Amino acid sequence: MSRVAAGKRRQQNKSAILSVVIIVSVLLVILSIRCMQLYAKDMEYAEKEASLKSTYNDELERSEEIEEYKEYSQTDDYIIEIAREKLGLVFEDETIFRQAE
């Protein structure tokens, strides 16, 4: 092989290595950008999950309150309270005092 051919071959090897380095660098940059985007999306999902858990817990508490109210509404105390408030009913042996206006 002549020196010219060997020099040309080295030049081709250098350009091939340089192109491989450039391609790998571009892929690393793309991978880094995508990784940052996924990290941001993961944070967004974590916030959404915390919000949904909070809402879920609130709804569980509300459900318990409704269940307690349902049980209370089936008692005699509730019926008496509603009869007094809405209908103005009283027991036979009770005396009602009203303030003069």
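Where is the place of Ile22? Ile22 sits in helix α1, and helices here, like strands, are DSSP runs numbered from the N terminus, with at least four residues of H or I for a helix and at least two of E for a strand. Before going on, a word about the source: this is a predicted model, in which local features need pLDDT of at least 70 and side-chain atom pairs count only at pLDDT 80 or more, while totals for chains, interfaces and linings use all residues. Residues are numbered from 1 along each chain as its sequence is written, and side-chain values use heavy atoms, with hydrogens and water left out.

Back to Ile22. Its relative accessible area is 47%, so Ile22 is partly exposed; that label covers the range between buried, under 20%, and exposed, over 50%, with a 1.4 Å probe and protein chains only. Ile22 also belongs to a nonpolar surface patch of about 570 Å², made together with Leu18, Ile23, Val26, Leu27 and Ile30. A patch takes residues with over 30% relative accessible area and no salt bridge, joining nonpolar side chains (Val, Leu, Ile, Met, Phe, Trp, Tyr) within 5 Å and like charges within 9 Å. The areas come from the Shrake-Rupley method with a 1.4 Å probe, and for residues only the protein chains shown count as cover.

Next, charge. A patch of negative charge on the surface gathers Asp58, Glu61, Glu64, Glu65, Glu67, Glu68 and Glu71. Asp and Glu count as negative, Lys and Arg as positive, and His and the chain ends are not counted. The place of a charge is taken as CG of Asp, CD of Glu, NZ of Lys or CZ of Arg. Glu71 is part of helix α1, which covers residues 3–73.

How many salt bridges does the structure hold? There are two salt bridges, each meaning a side-chain nitrogen of Lys or Arg within 4 Å of a carboxyl oxygen of Asp or Glu. Side chains of opposite charge can pair when their charged atoms come close. Glu49 pairs with Lys53, with the closest N and O atoms 3.6 Å apart. Glu49 and Lys53 are four residues apart in helix α1, so about one helical turn separates them. Glu49 has 44% relative accessibility and is therefore partly exposed.

The other bridge joins Arg62 and Glu59, again with the closest N and O atoms 3.6 Å apart. Both lie in helix α1, three residues apart, about one turn of the helix. Arg62 is partly exposed at 46% relative accessibility, and Glu59 is partly exposed at 41%.

Now the aromatic rings. A pair of aromatic rings is described by the distance of the centres and the angle of the planes. Rings of Phe, Tyr and Trp (its six-membered ring) pair if their centres lie within 6.5 Å; planes under 30 degrees apart are stacked, over 60 edge-to-face, and the rest tilted. By this rule there are two aromatic pairs. Tyr69 and Tyr78 have ring centres 5.9 Å apart and planes at 85°, so they are edge-to-face. Tyr72 and Tyr78 are edge-to-face too, because their centres are 5.5 Å apart and their planes at 75°. Tyr69 is partly exposed at 48% relative accessibility, as is Tyr72 at 31%.

Last, some distances. Tyr72 is in helix α1, and its C-alpha atom is 83 Å from that of Ala16, 56 residues apart along the chain. Leu38, also found in helix α1, has its C-alpha atom 71 Å from that of Gln99, 61 residues apart along the chain. For Val21, another residue with its place in helix α1, the C-alpha separation from Gly88 is 90 Å, at 67 residues apart along the chain. Leu38 and Val21 are both partly exposed, Leu38 with a relative accessible area of 45% and Val21 with 45%.
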